[in-house]
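Welcome, and take a moment to turn the model around before reading on. The paragraphs below walk through it step by step.

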Amino acid sequence: MAGADAAAAVPAPPPMAAPARLLSLDAFRGFTIASMVLVNNPGDWGNLHAQLAHARWNGWTFTDTIFPFFLFIGGVSMALSLGRLAEAGASRPALLAKLWQRALVIFLIGLALNLIPHFNFDQVRIPGVLQRIAVCTMLAAPIVLYFNWRGQLAWIAGLLGLYSALMLWMPVPGGAAGVLEPGRDLGAWLDRMVLGGHLWRQSQTWDPEGLLSTIPALCSQLMGVLAGRWLLTGHSKAEQTVWMLLAGLLLLALGSTLDAILMPINKSLWTSSFALFMGGWALLAFAAFYWLLDGTAHADVRAAATRWARPFVIYGVNALFIFTLSGLVAKTLGALSSIGADGAKVTLGRALYAPLRALDIAPVNASLLYALLFNAFMFGIAYLMWRKKWFVKV
């Protein structure tokens, strides 16, 4: 797809050594995991502030930015870590094997979370957030290792073009081409054919982390790879920040244009407009973190930013562990139950939420308060791990 032979496409060594661990990347990752824990654990799914729920179909909310941010961050991390390993003389086949091994572990963790607590192998949902991250990492690895930045950019353009063409112009068996409605698009048909009864249980006819939409999700990760490669150049941090901001604005404009003339911004379908638009927001957000924590020459500004960003850094250094643990805790709260005074079954989560629901505040705020307290509990665990220097790596 990139059009160059393998030898010519091998990326040249970076003009300077890969930077030391970026505080800004840890902080951005921590901000994202804190946001995910918040939106995944309300007191009442029927009472949510609009921005703390996914868009019903087309459009976007703050919640819809979180998953693309994770993929973007994964791409940046991949580029930086491979830069360091390349400097140390590691071989590309060995690096590829290591990345695929890590992706497999992440996939299995996600699948295990889906199995808990019932372990119903016949109907377990196979796709999921961690599974998509794993598949994107597996697919991105050879593109990162064997193509230069021009080749990677060509992959992004080619994959987004391919996905758009398939979704808009390939007829769905028993249906029509270009129908982008829940359960009626080409991706939903493919999921039903391949995954059968192993889809998202809220629909059973389509999956927000389905097979075909992994193509543009891969592009979200490759956008992060390009950002990471940019940080490996010899340009000043001020110039790096400015160009990331400009690129972010360009992607926002491209995504908005495609939203108007080609495909709507839609997280469940991960449309090309969504991938570009969220890539723009990811670049803008990361550029802000990068400038404040790593880029600015003003020591007092950097020191102040480091102080307020420390909670995010504490979250960010153990992001995968906290994501997994928060899922296990939420499932436990929903699985453990007792019989209430009225004879009805009451889960532990409902029992913990009851005092907040009884407060004289709006139901959406009681639901939000529960999510904030859940987040505080998870942060307490992350803080303890940080103080003990326990860093869980895959």
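**Charged pairs, helices and cysteines**

The structure holds 5 salt bridges, a salt bridge being a side-chain nitrogen of Lys or Arg within 4 Å of a carboxyl oxygen of Asp or Glu. Before we visit some of them, please note that this is a predicted model, in which local features need pLDDT of at least 70 and side-chain atom pairs count only at pLDDT 80 or more, while totals for chains, interfaces and linings use all residues. Residues are numbered from 1 along each chain as its sequence is written, and side-chain values use heavy atoms, with hydrogens and water left out.

Let us start with aspartate 26 and arginine 29, whose side chains meet in a salt bridge at 2.7 Å, N to O. Both residues sit in helix H2 (residues 23-40), 3 residues apart, or about one turn of the helix. Helices here are DSSP runs (H or I, at least four residues), numbered from the N terminus. An α-helix has 3.6 residues a turn, so residues three or four places apart point the same way. Aspartate 26 and arginine 29 are both buried, where buried means under 20% relative accessible area, exposed over 50%, and partly exposed in between (1.4 Å probe, protein chains only).

Next comes a salt bridge between aspartate 207 and arginine 125, again given as 2.7 Å, N to O. This pair links distant parts of the chain, 82 residues apart: aspartate 207 is in the loop between helix H7 (186-195) and H8, and arginine 125 is in the loop between helix H4 (92-115) and helix H5 (129-146). Aspartate 207 and arginine 125 are buried too.

Which residue does glutamate 209 meet in a salt bridge? The partner is lysine 267, at 3.2 Å, N to O. Here as well distant parts of the chain are linked, with glutamate 209 in the loop between H7 and H8 and lysine 267 in the loop between helix H9 (237-261) and H10, 58 residues apart. Glutamate 209 counts as buried because its relative accessibility is 8%, and lysine 267 counts as buried at 9%. Salt bridges that share partners join Arg125, Asp207, Glu209 and Lys267 into one network.

Now look at the helices. Helix H8 (residues 214-231) has 18 residues and reaches 26 Å from its first C-alpha to its last, close to the 26 Å expected at 1.5 Å a residue; the expected span is 1.5 Å times one less than the number of residues. Since 15 of its 18 residues are buried, H8 is largely enclosed by the rest of the structure.

Helix H6 (residues 149-169) packs with helix H10 (residues 272-295) at an angle of about 145 degrees, their axes 9 Å apart. Axes are lines fitted to C-alpha atoms, for helices over the stretch in contact, and angles run from 0 to 180 degrees between N-to-C directions. Leu160, Tyr163 and Ser164 of H6 make the contact with Ser272, Ala275 and Leu276 of H10, contact meaning heavy atoms within 4.5 Å. Among the buried residues of H6 are Trp155, Ile156 and Leu160, and the buried residues of this helix pack against H5, H7, H8 and H10.

Finally, how many disulfides does a search of the whole structure find? There are 0, a disulfide being a pair of cysteine sulfur atoms within 2.5 Å. The sulfur of cysteine 136 is 8.9 Å from its closest cysteine sulfur, in cysteine 219, and therefore too far for a bond. Cysteine 136 is buried, with a relative accessible area of 0%, and cysteine 219 counts as buried at 0% relative accessibility.

Notes: Helix = DSSP H or I, 4+ residues; strand = E, 2+ residues; numbered from the N terminus.
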